[in-house]
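Here are my notes on this model, as numbered points. Please read them with the structure open.

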Amino acid sequence: MPRNLNYLWNFGAFAVVSLTLLILSGIFLALNYTPTLADAFSSVETIDRQVASGWLIRSVHMGGVSMLFAALYVHIARSLYYGSYKAPRELVWLTGLGLLLLVMITAFAGYVLPWGQMSYWGATVVVNAVNTVPLVGKPLASWLLGGEGLGNVALHRLFVLHFVTAFSIIGVIVLHVATLHVTGSNNPTGKDLTEPDQTVPFHPYYTTKDGLGLCLFLLVYAALIFFAPDFLTLSDNYVQANPLITPSDITPEWYFAPFYAILRAVPSKLGGLILATGSIVILFALPWLDSSTIRSARFRPWLRVALPLLFLAFLALGLAGMSPPSPFWLWISRAAVAYWYVYFLGLLPMIARREQASRRKEHF
Ligand code: HEM
């Protein structure tokens with residue numbers, strides 16, 4: 001292992017631990033959950049109120065999702081800052097993005113299961129967005145859901161989808177880490193390590209460093225579960241789903257808020273869907289959009305300005321997605337989503353070309 005890894009390299013391990021806790025708590029939840037319209041909501045209430053330690057298992061599961069997404073967003077930001085997505089680690093990056101998609105699908109399906117108001121109306125927003133896709137949208141949605149709208153069949157399928165994708169994530173993590181083992185880890189300088197004294201064995205150096213980080217991560221996780229179990233949940237989801245009453249404000253969970261803000265920023269539903277999915281799809285092309293051979297932003301002054309602005313745009317979209325619609329947040333979202341695309345399609349390739357040109361000049 002490179003000897004100079006900082007604490008940002010802990011977040012992959014945090015993701016592994018939160019996923020493990022999610023799967024373990026999920027198995028116990030599944031023992032008491034009933035995937036039918038009539039019983040889904042009450043079976044979750046029973047878990048919370050009557051099953052021995054059910055409240056704890058459910059809290060571990062719900063808090064775990066937030067901890068996993070938080071770990072992943074930092075993990076991705078670290079990879080962006082230090083250029084870990086660049087050659088020779090393209091496959092690590094691509095399998096990572098596969099993981100992100102699987103985690104998102106799993107979280108979406110899981111959120112519908114308690115069959116609260118937000119479960120139902122959040123899923124309805126997504127179904128309506130899919131319905132807008134010309135030609136295939138409607139037939140695809142009704143084929144996947146087993147009928148028009150969300151009913152018993154859809155809930156049952158989402159339950160199956162939830163744990164099938166959850167388990168398949170384990171397989172993709174194996175791939176992700178295996179591809180990383182081929183190239184070895186990047187490091188904060190982004191430079192390839194050539195000397196033996198630039199590396200140290202994983203054990204005891206990184207087992208202890210990851211261990212310390214994990215203690216802090218688990219402290220935050222525990223604080224969330226024991227002191228603020230409802231801090232990140234929405235009270236509307238403790239009201240059973242009612243297709244006849246739309247909540248005054250449909251708000252997604254915080255980790256989906258940036259994408260929801262993009263959906264809302266565009267007047268056309270289809271346009272919103274394209275921009276929201278495109279914001280992730282574009283990341284698959286990243287290793288080839290950024291042609292600079294310098295990896296770490298430490299040595300890329302222009303990137304050190306442009307990239308924090310990208311992080312800011314993501315945060316702004318998150319805040320916009322969690323706020324009630326207003327002209328202020330609408331224009332913030334539009335500016336942020338515009339910057340997202342300008343960064344990946346314009347600024348980054350341009351900065352990379354400039355850097356390559358000045359490197360060639362230095363060379364001659
Ligand atoms: C469940 C999800 C994920 C898990 C469990 C996971 C786990 C890990 C672990 C354990 C490492 C090595 C330690 C570290 O560098 O932090 C790693 C490295 C890496 N991951 Fe992930 N990861 C996940 C998702 C992602 C995503 C979504 C991306 C990017 C889109 C990503 C990109 C990377 C990259 C580029 C590296 C190499 C970093 C370097 O060496 O600098 N991972 N991952």
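1. Start with helix H4. In this predicted model, H4 gives the most to the shell around the ligand, contributing six residues. The helix spans 90–112. Helices H1 (11–32), H3 (54–81) and H7 (152–183) also take part, and each of these supplies at least two shell residues.

2. The shell has 22 residues. By class, 13 are nonpolar, eight are polar and one is charged. The residues that come nearest to the ligand are His-75, Ser-84, Gly-96, His-176 and Asn-186.

3. Which atoms pair with the ligand's oxygens? Arg-78 uses its side chain, with a polar atom 3.0 Å from an oxygen of the ligand.

4. Now Ala-71, a residue of helix H3. Is Ala-71 buried or exposed? Its relative accessibility is 1%, so Ala-71 counts as buried, since the cut-off for buried is under 20%. Setting aside neighbours within four places in sequence, Ala-71 is in contact with Phe-11, Phe-14, Ala-15 and Phe-217. Met-104 sits 33 residues from Ala-71 along the chain, and their C-alpha atoms are 14 Å apart.

5. Last, the annotation. An unreviewed UniProt entry places the domain "Cytochrome b/b6 C-terminal region profile" at residues 192–362. Over that stretch the chain is 65% helix and 0% strand.

Methods
Residues are numbered from 1 along each chain as its sequence is written. This is a predicted model: local features need pLDDT of at least 70, side-chain atom pairs count only at pLDDT 80 or more; totals for chains, interfaces and linings use all residues. Side-chain values use heavy atoms; hydrogens and water are left out. UniProt positions are given in the numbering used here, feature names are shortened, and annotations may be inferred rather than shown by experiment. Helices (H or I, at least four residues) and strands (E, at least two) are DSSP runs, numbered from the N terminus. A residue is near a molecule or strand if one of its heavy atoms lies within 4 Å of it. A polar contact is a pair of N or O atoms within 3.5 Å; within protein, one must be able to donate a hydrogen and the other to accept it, and residues adjacent in sequence count only if both atoms are side-chain atoms. Ala, Val, Leu, Ile, Met, Phe, Trp, Tyr, Cys and Pro count as nonpolar, Asp, Glu, Lys and Arg as charged, and the others, Gly among them, as polar. Buried means under 20% relative accessible area, exposed over 50%, partly exposed in between (1.4 Å probe, protein chains only). Contact means heavy atoms within 4.5 Å.
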